[in-house]
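Please keep the structure in view while reading.

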Amino acid sequence: MMHPDYAQSLDALAVVYFYMCMYEKAEPLHLEAKAIREQVFGTNHPFYAASLGNLAILYSRMGNFGKAEQLYIEAKTIQEKAFGKDHPDYTASLHNLALLYSSLSNFEKAELLFLESKEIYQRTLGKEHSHYASSLKNLATLYCKMGEYKKAEPLYLESIAITEKALGKESIVYAESLKELAILYTHIGNYGKAEDFFLESKAILEKAQGKDQYDIASTLGSLAVLYTDMGNFEKAEPLFLESKTIQEKVFRQGFS
């Protein structure tokens with residue numbers, strides 16, 4: 001069946017498999033959707049670029065970074081030609097490609113792309129938009145990986161302030177931003193601030209998602225690392241164990 005609506009249904013099912021970590025089922029669906037859009041729309045159409053982006057996200061998660069990079073770059077090129085550089089789809093491709101480079105420790109390329117996406121969001125959406133806040137957070141996280149903590153801290157603080165105003169203190173995005181800032185404070189030895197932000201993040205996530213979610217496990221693990229750095233092993237051990245138990249449950253459900 002060579003209808004665009006069918007391709008959309010294939011992608012939707014592939015996304016479900018993606019979130020279930022069933023990548024071997026997701027890939028052929030995304031590939032079939034891409035083939036349909038190529039035949040119907042051609043290789044210069046934004047719908048085809050969307051298929052490339054879907055595959056790139058999947059391959060990035062699967063660890064096939066070479067394929068992911070090529071697809072992100074191709075999608076970005078198509079979107080720039082079709083929409084210009086101020087379109088959300090183009091900025092999303094910049095963002096995803098920057099995340100890929102960051103995960104590969106290609107910090108120079110990642111920084112340039114994060115800075116470009118931040119500038120576009122600032123110009124098109126303004127400094128009070130959640131997308132602009134996200135771009136600040138991603139850039140701050142990159143600087144943390146680079147050990148540039150003095151550059152990262154003000155970006156995190158600005159991002160958190162915008163997110164609080166735009167989405168509220170009970171949002172998952174706000175909680176994740178607090179956790180990222182807490183990790184920074186752990187690195188620089190400001191343990192009091194780190195603990196406060198970890199605990200606040202954990203409380204928000206538990207209220208929003210419940211206790212058996214990967215985000216909670218990640219936060220518990222990071223808090224356990226903090227207590228280990230502080231030499232408080234009695235607090236660290238049960239958190240590591242709880243994090244491990246949640247992750248085992250989450251991944252078991254994902255692969256079942």
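Rings of Phe, Tyr and Trp, the last taken by its six-membered ring, are counted as a pair if their centres lie within 6.5 Å, and a pair is called stacked when the planes are under 30 degrees apart, edge-to-face when they are over 60, and tilted otherwise. The model shown is a predicted one. On that criterion, a search of the whole structure finds four aromatic pairs.

**Aromatic pairs**

- Phe-41 and Phe-47 have ring centres 5.0 Å apart and planes at 80 degrees, which is over the 60 degrees required, so the pair counts as edge-to-face.
- Both members of that pair are partly exposed, Phe-41 with a relative accessible area of 28% and Phe-47 with 45% relative accessibility.
- Tyr-185 and Phe-197 form a stacked pair, with 6.0 Å from centre to centre and 15 degrees between the planes.
- Phe-18, Tyr-19 and Tyr-23 are linked by ring pairs into a cluster.

**Nonpolar cores**

- The largest nonpolar core has 57 residues, and Ala-152 and Tyr-156 are those with the most contacts inside it.
- Helix H7 (residues 130–145) gives the most to this core, contributing eight residues.
- Another core, of 13 residues, lies apart from it and includes Leu-10, Cys-21, Met-22 and Ala-26.
- When residues up to four places away in sequence are not counted, Tyr-156 touches Lys-137, Ala-140, Thr-141, Cys-144, Glu-180, Leu-181 and Leu-184.

**Cysteines**

- The structure holds zero disulfides.
- Cys-21 is buried at a relative accessible area of 14%, and Cys-144 is likewise buried, at 11%.

**Largest pocket**

- The largest pocket has a volume of about 1,500 Å³, and its lining is made up of 38 residues, of which Phe-18, Tyr-19, Arg-61, Tyr-214 and Asp-215 lie nearest its centre.
- Among the elements that give two or more residues to this lining are helix H1 (4–19), helix H3 (46–62), helix H11 (214–230) and helix H12 (233–255).

Note on methods
Residues numbered from 1 in each chain as written. Predicted model: local features only at pLDDT ≥ 70, side-chain atom pairs only at ≥ 80, totals over all residues. Heavy atoms only, no water. Core = buried A, V, L, I, M, F, W, Y, C linked by side-chain atoms within 4.5 Å. Buried < 20%, exposed > 50% of the residue type's maximum accessible area, 1.4 Å probe, protein only. Helix = DSSP H or I, 4+ residues; strand = E, 2+ residues; numbered from the N terminus. Contact = heavy atoms within 4.5 Å. Disulfide = S-S within 2.5 Å. 1 Å grid on protein atoms, 1.4 Å probe; cavity = no way out; pocket = protein on both sides within 12 Å on 5 of 7 lines; lining within 4 Å. Points joined across faces, edges and corners; volume = space filled by probe spheres on them.
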